[in-house]
Amino acid sequence: MKLVIHSKNIEITDAIREYVHQKIEKAASHFQSITNEVDVHLSVARNPRINTRQAAEVTIYANGSVIRAEESSENLYASIDLVADKIARQLRKYKERRQDQKTQSQPTEVVVAESVVPDLIGDRTPELPNEVVRTKYFSMPPMTLAEALEQLQLVGHDFYMFRNSETGEINVIYERNHGGYGVIHPRNGNGHTNGKNGKSSHNNIVMPEKSHSK
């Protein structure tokens, strides 16, 4: 298993490196058959108005899927402990879902078309960062809506961008504030998507109650 450590505003000492390997490799020890690469990002956010936060982020690439966890505290070693426990839980969920998919023949989600949303921002003023603080690159293989939803739940974000295997377009699936999930499709000049079946540019996914927990 390949493990790579990155850092920001902190020097990676031999003691820190050894601790990361010890904790993260132990967390993934039962899942080495599905784990291809592990990226660990350690950082310190120095803000004079708040206590210094030391964060540990782990991203695991497993058979085409991305599993992510992040934790922070005032102590880097404590953050590594917390993120190791969290990524172990995420890996366990991932493996259980894979096993469940082998026994299920019917999809569990229901997609309900909604009207086109003309403006996602409304009367709110968009807040953009003053500078780009981090850039990420990742592969975007075609996947179904169900697969994108699974990825969203694994990475721990409130949105996930993916290439729709049915239309070939870039879509965004996101967690709605009032429950469930939504999908954003690109729209061309006539107000329709480029999809094969002419679906509207905004869908709502209604999931079983047990799937709402992250």
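**A colleague's note on this predicted model**

1. Arg 68 sits in strand β4 and Glu 57 in strand β3, 11 residues apart, and the pair links distant parts of the chain. Glu 70 belongs here too, as Glu 57, Arg 68 and Glu 70 are linked in a network of salt bridges.

2. A word on how to read the values. This is a predicted model, in which local features need pLDDT of at least 70 and side-chain atom pairs count only at pLDDT 80 or more, while totals for chains, interfaces and linings use all residues. Residues are numbered from 1 along each chain as its sequence is written, and side-chain values use heavy atoms, with hydrogens and water left out.

3. Now the overall layout. The protein has three helices and 10 strands, and from the N terminus on they run β-α-β-β-β-α-β-β-α-β-β-β-β. Helices (H or I, at least four residues) and strands (E, at least two) are DSSP runs, numbered from the N terminus. Of the 214 residues, 36% count as buried. Taking contacts (heavy atoms within 4.5 Å) between residues at least 6 apart in sequence, 50% join residues at least 24 apart.

4. Which residues have the most contacts inside the largest nonpolar core? They are Val 20, Ile 24, Val 40, Leu 42, Val 58, Ile 60 and Ile 67, in a core of 29 residues. Such a core is a set of buried Ala, Val, Leu, Ile, Met, Phe, Trp, Tyr and Cys residues joined through side-chain atoms within 4.5 Å. The elements giving two or more residues to this core are β1 (2-8), α1 (14-27), β2 (37-45), β3 (53-62), β4 (65-73) and α2 (76-103). Helix α2 gives the most, with eight residues. Apart from this core lies another, of 11 residues, among them Val 155, Phe 162, Tyr 181 and Val 183.

5. A search of the whole structure finds one aromatic pair. Rings of Phe, Tyr and Trp (its six-membered ring) pair if their centres lie within 6.5 Å, and planes under 30 degrees apart count as stacked, over 60 as edge-to-face and the rest as tilted. The rings of Tyr 19 and Tyr 77 have centres 4.9 Å apart and planes at 75 degrees, so the pair is edge-to-face. Tyr 19 is in helix α1 and Tyr 77 in helix α2, so the pair ties together parts that are 58 residues apart in sequence.

6. Another joins Lys 86 and Glu 71, at 3.8 Å between the closest N and O atoms. Here Lys 86 lies in helix α2 and Glu 71 in strand β4, so the pair ties together parts that are 15 residues apart in sequence.

7. Helix α3 is mostly covered, with eight of its 11 residues buried. Val 155, in this helix (residues 145-155), counts as buried at 5% relative accessibility. Not counting residues up to four places away in sequence, Val 155 touches Val 66, Arg 68 and Tyr 160. Just after α3, Gly 156 takes a positive phi of about 80 degrees.

8. Finally, look at Asn 164 in strand β7 (residues 159-164). Is Asn 164 buried or exposed? Asn 164 is buried, with a relative accessible area of 10%. Its side chain and that of Asn 171 are joined by a polar contact of 2.9 Å, that is, a pair of N or O atoms within 3.5 Å; within protein, one must be able to donate a hydrogen and the other to accept it, and residues adjacent in sequence count only if both atoms are side-chain atoms. A polar atom of the Asn 164 side chain also lies 2.8 Å from the backbone nitrogen of Glu 166.

How values were computed
Buried < 20%, exposed > 50% of the residue type's maximum accessible area, 1.4 Å probe, protein only. Salt bridge = Lys/Arg side-chain N within 4 Å of Asp/Glu carboxyl O.
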